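Here is a short tour of one protein model. Keep the sequence and the 3D view side by side as you read.

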Amino acid sequence: MRLVRCLIVTLTAASLEAGPVAQLMSESGEQRVSRESLEAHVRELAGTIGERNIFRPEALTAAAEYIERSWQQQGYEVTEQTYVAQGVESANLEVSRPGTLRPEEILLIGAHYDSVAGSPGADDNASGVAVLLELSRLFLRVEPEITVRFVAFVNEEPPFFYWGEMGSKVYARAARARGDQIRLMISLESIGYYSDEPNSQRYPPLFRFFFSDRGSFLGFVSNFASRRWLRRTVEPFEAHSDLPTESVAMFSWVSGIGWSDHLSFWKQGYPAIMVT
């Protein structure tokens with residue numbers, strides 16, 4: 001609950017003017033997200049549906065239908081971007097909260113809903129989808145100055161990651177072709193795990209010398225081109241939360257830096273960060 005409340009303040013502060021942030025803070029009691037609601041999303045995706053990918057296409061479709069139904073119940077009109085990946089019809093799902101002053105400018109918040117083969121994907125990435133759904137619900141109480149777009153991406157996991165028909169790759173390429181003015185893309189990736197036990201956090205080579213060995217923090221990750229947005233996102237989060245954070249801007253080719261849907265937007269020249 002604390003994470004979701006702080007994220008919505010952070011995302012608004014990072015991209016919009018101060019007015020909406022004050023509105024959010026003053027109404028925080030009404031906007032409190034229940035633990036039961038977040039758990040319900042994760043339990044449905046990882047428990048009831050379970051492993052969901054092109055190797056289990058019926059489950060992948062069930063996950064998409066659950067997300068679409070959740071957004072429709074919130075009052076959104078859902079747009080589907082469908083394509084065929086290895087013979088399986090796949091869909092990116094999108095809803096938007098239109099901006100009041102500069103609607104052509106976009107803050108895009110995304111999370112992938114497929115899971116790796118052999119896993120129910122509770123942390124990776126039902127946790128990200130759960131927060132995505134709650135953020136979209138909370139933003140119904142906000143009149144953002146720019147458009148806030150929420151996207152559930154398909155096919156992030158292998159065999160699609162980086163090289164294949166990755167959902168966010170298909171989406172980002174189409175966004176660039178349309179000329180979408182995406183000011184910032186934020187990828188919500190595997191944010192459900194927490195442990196303050198020593199050695200509960202592992203890193204790619206070299207990172208372990210600079211960051212905590214406990215998995216008790218929220219990580220903000222960007223490439224060097226997006227580091228200005230990294231600062232603008234981390235600072236308000238730390239101001240409104242006592243949850244520890246770690247942040248890093250690094251070359252995109254460094255192992256682990258590009259391990260989610262934000263990579264697809266970097267390739268199209270958009271600023272993007274990963275929250276993990």
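P159 sits in the loop between β4 and α6. (Helices are DSSP runs of H or I with at least four residues, strands are runs of E with at least two, and both are numbered from the N terminus.) The peptide bond joining P158 and P159 is cis, and omega is about 15 degrees. A cis bond also runs from D124 to N125, with omega near 15 degrees. N125 belongs to helix α5.

## How to read the model

This is a predicted model, in which local features need pLDDT of at least 70 and side-chain atom pairs count only at pLDDT 80 or more, while totals for chains, interfaces and linings use all residues. Residues are numbered from 1 along each chain as its sequence is written, and side-chain values use heavy atoms, with hydrogens and water left out.

## Helix α5

Helix α5 covers residues 122-138, which makes 17 residues. Its first and last C-alpha atoms are 22 Å apart, close to the 24 Å expected at 1.5 Å a residue. (The expected span is 1.5 Å times one less than the number of residues.)

Is α5 largely enclosed or open? Of its 17 residues, 13 are buried, so the rest of the structure largely encloses the helix. (Buried means under 20% relative accessible area, exposed means over 50%, and partly exposed lies in between, with a 1.4 Å probe and protein chains only.)

## Salt bridges

Side chains of opposite charge can pair when their charged atoms come close. The model has 7 salt bridges. (A salt bridge is a side-chain nitrogen of Lys or Arg within 4 Å of a carboxyl oxygen of Asp or Glu.) Start with R149 and E94. Their side chains meet in a salt bridge, at 3.8 Å from N to O. R149 lies in strand β4 and E94 in strand β2 (residues 88-97), so the pair ties together parts 55 residues apart in sequence. R149 is buried at 10% relative accessible area. E94 is buried too, at 17%.

R149 also meets D180 in a salt bridge, at 3.0 Å from N to O. This pair links distant parts of the chain, 31 residues apart. D180 is in the loop between α6 (167-178) and β5 (181-188), while R149 is in strand β4. Both D180 and R149 are buried. Which residues make up the salt-bridge network? E94, R149, R178 and D180 are linked in it. Elsewhere, R102 pairs with E105, and their closest N and O atoms are 3.2 Å apart. R102 is partly exposed at 23% relative accessibility. E105 is buried at 15%.

## Strand β4

I146 lies in strand β4, which spans residues 146-153. I146 has 0% relative accessibility, so it counts as buried. How far is its C-alpha atom from that of R183? The two are separated by 9.4 Å, although I146 and R183 are 37 residues apart along the chain.

## Surface patches

F224, F251 and W253 make a nonpolar surface patch of about 360 Å². (Patch residues have over 30% relative accessible area and no salt bridge; like charges are joined within 9 Å, and nonpolar side chains, meaning Val, Leu, Ile, Met, Phe, Trp and Tyr, within 5 Å. Areas come from the Shrake-Rupley method with a 1.4 Å probe, and for residues only the protein chains shown count as cover.) F224 is in the loop between β6 (218-223) and α7 (227-240). F224 is partly exposed, at 31% relative accessible area.

A patch of positive charge gathers R227, R228, R231 and R232 on the surface. (Lys and Arg count as positive and Asp and Glu as negative; His and the chain ends are not counted. The place of a charge is NZ of Lys, CZ of Arg, CG of Asp or CD of Glu.) R228 is in helix α7. R228 counts as partly exposed, at 45% relative accessibility.

## Positive phi angles

S190 is not a glycine, yet it has a positive phi of about 50 degrees. S190 lies in the loop between β5 and β6. N199 lies in the loop between β5 and β6. N199 has a positive phi near 60 degrees, and N199 is a residue other than glycine. Are these residues buried or exposed? S190 is buried, at 18% relative accessible area. N199 counts as exposed, at 61% relative accessibility.
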